[in-house]
Amino acid sequence: MSTLVPGAILELPDGALSLEVTGPYDVSVLITGADGKVAGDADFVFYNQPSAPGVRLGSGRVAVDRTALRPGASRLTVVVSPADPGARPAALPVPDLRVGGPGGRALARFAPPRPTDETVLLLAEVYRRGPGWRLRALGQGYADGLAGVARDFGVEVADETGPAAHAPETEPVPDDARVFAALVNAERARAGVPPVSADARLAEAARRHADGMARQGRLGTEGPSGISVFQQVTACGYAYLGLAEQLVSGPRSPAELLEFCLGDARSSDPVRDPALTAAGVAHAVDARSGDTFWTALWARPFSPDGLARTAADVLALTNARRTAAGLRPLSGDPRLTAAAQAHSADMAARGYHAHVSPDGGRPWDRAVAAGSVHRSIGENVACGQRSPAEVVEGWMNSPGHRANILAPGFTHLGVGFAGGGPAGTYWTQLFGGSA
């Protein structure tokens, strides 16, 4: 598999082509002809319009059938923008592009230079050259958003709240979510807790998941298509550092749902948790039984500062365990952190939990690729834990993970966290030492 640098060109084989981007990003594709312009709005493939002839987008992956492209299409430009509209690419993990060929064969990988003030990146382009096709790695930044990119390629964009801007937070909040938030905030005020905001993206994810439970006729975190509630949240454009879900059947109104949630200490925790500042709720009815299924989602939104605090908490808790065992504390390492963060994002994006990535990457490969000079490398991974305390406790209760945490030869640590995927949370500790 080739590793590309900006401007590098890769000759592409015939057959199916896949372009997969890992990280907290939305992926878009612009389909253009020889003039560099789209033929119409249908040539802009993005979250709200996920397919066009020969191009299909899903969960950060673009599937391309070049034989099925519209007549005259000769170039596909892959664009990435933060999944959280308020985030800046400069503060996020660098997007990682994996190019796959027929049979899933890995062809190339490209990680662009870290952006500065740009809000979106032109990541790569696939273009016709004579009888064949090539891929060129780009890494070009745009400062005026996805709508600016779309305009430059000829897409009609009326304003920043139009479809090309992909700003789902401006969508109207459904009645269920709005009423539920008002009821919750009255309860939080009585408890002296700041209010939550009703979020349209969380409400849409809740609606999709409630619909799936109603179709199955049962409660569960996974819908009939195998998509988890956590994947629904990220698919709706919401990036999070914390998420709680309440899946309930029976209540007939938002008020009855809240009453149910307050019925015991565990289910009432999200209602009064000050760290969870956004909420969305929806219901669906099983036409066969008449049962009503509810999904309530509570979130702590992603922010670069919040991610840094999460990593710092894991480091502090890890060092507390080392200190108690008479060992010297670990120092944070930005290169190990970059590699750990990329691995967590990759696990969330591709839905696996392992030290070896689907394309064969191992912990020491990731450390070296990030520029680490440590002679010894160790890694802990975990999924599903909801807090730094929970994940460190889980690692300490596992002999192999505990051995890494308490290894005397390790001197440095990088921590990664990503929300999404089938398990909801993905954690990585990447240790380095000189031994």
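**Ground rules**

I am working with a predicted model, where local features need pLDDT of at least 70, side-chain atom pairs count only at pLDDT 80 or more, and totals for chains, interfaces and linings use all residues. Residues are numbered from 1 along each chain as its sequence is written, and side-chain values use heavy atoms, with hydrogens and water left out.

**Entry 1: α2 against α5**

I began with helix α2, residues 175-190. I looked up how α2 sits on helix α5, residues 254-261, and found an angle of about 45° with the axes 9 Å apart. The axes are lines fitted to C-alpha atoms, for helices over the stretch in contact, and the angles run from 0 to 180 degrees between N-to-C directions. I therefore note α2 as oblique to α5. My angle classes are roughly parallel under 35 degrees, roughly antiparallel over 145, roughly perpendicular from 65 to 115, and oblique for the rest.

Next I listed who meets whom, taking contact as heavy atoms within 4.5 Å. From α2 come Asp-176, Val-179, Phe-180, Leu-183 and Val-184, and from α5 come Pro-254, Ala-255, Leu-257 and Leu-258. I sorted the residues of this contact into 8 nonpolar, no polar and 1 charged. In that sorting Ala, Val, Leu, Ile, Met, Phe, Trp, Tyr, Cys and Pro count as nonpolar, Asp, Glu, Lys and Arg as charged, and the others, Gly among them, as polar.

**Entry 2: Asp-176**

I then turned to Asp-176, which is in α2. Its relative accessible area is 18%, so I call Asp-176 buried. The scale is buried under 20%, exposed over 50% and partly exposed in between, with a 1.4 Å probe and protein chains only. Leaving aside neighbours within four places in sequence, I see Asp-176 in contact with Pro-254, Val-281, Ala-282, His-283 and Trp-294. Asp-176 and Pro-254 are 78 residues apart along the chain, yet their C-alpha atoms are separated by 6.3 Å.

**Entry 3: α6 joins in**

What angle do α2 and helix α6 make where they cross? I read roughly 95°, with the axes coming within 9 Å; α6 covers residues 265-272. That makes α2 roughly perpendicular to α6. Here Val-184, Glu-187 and Arg-188 in α2 meet Pro-270, Val-271 and Arg-272 in α6. The residues of this contact divide into 3 nonpolar, no polar and 3 charged.

I also checked α5 against α6: their axes come within 8 Å and cross at roughly 120°. The two are therefore oblique to each other. Leu-258, Phe-260 and Cys-261 in α5 meet Ser-267, Ser-268 and Val-271 in α6.

**Entry 4: Glu-187**

Is Glu-187 buried or exposed? At 12% relative accessibility, Glu-187 counts as buried. Beyond its neighbours within four places in sequence, I find Glu-187 in contact with Leu-262, Val-271 and Arg-272. Glu-187 and Leu-262 lie 75 residues apart in sequence and 9.7 Å apart in space, C-alpha to C-alpha.

**Entry 5: the cores**

A nonpolar core is a set of buried Ala, Val, Leu, Ile, Met, Phe, Trp, Tyr and Cys residues joined through side-chain atoms within 4.5 Å. The largest one has 57 residues, and I noted Leu-12, Leu-19, Val-99 and Leu-135 as those with the most contacts inside it. Apart from it lies another core, of 17 residues, among them Val-184, Ala-244, Leu-257 and Trp-294.

I followed up on Leu-135, setting aside neighbours within four places in sequence: its contacts include Leu-4, Ile-9, Leu-12, Leu-19, Val-99 and Tyr-127.

**Entry 6: two more residues**

Asp-96 is in strand β10, residues 96-100. With 7% relative accessibility, Asp-96 counts as buried. Not counting residues up to four places away in sequence, Asp-96 touches Glu-20, Val-21, Thr-22, Arg-109, Phe-110 and Ala-111.

Last, I looked at Ala-354, in the loop between α8 (334-350) and α9 (363-369). At 26% relative accessibility, I put Ala-354 down as partly exposed. Ala-354 is in contact with His-343, Met-347 and Val-381, leaving aside its neighbours within four places in sequence.

How values were computed: Helices (H or I, at least four residues) and strands (E, at least two) are DSSP runs, numbered from the N terminus.
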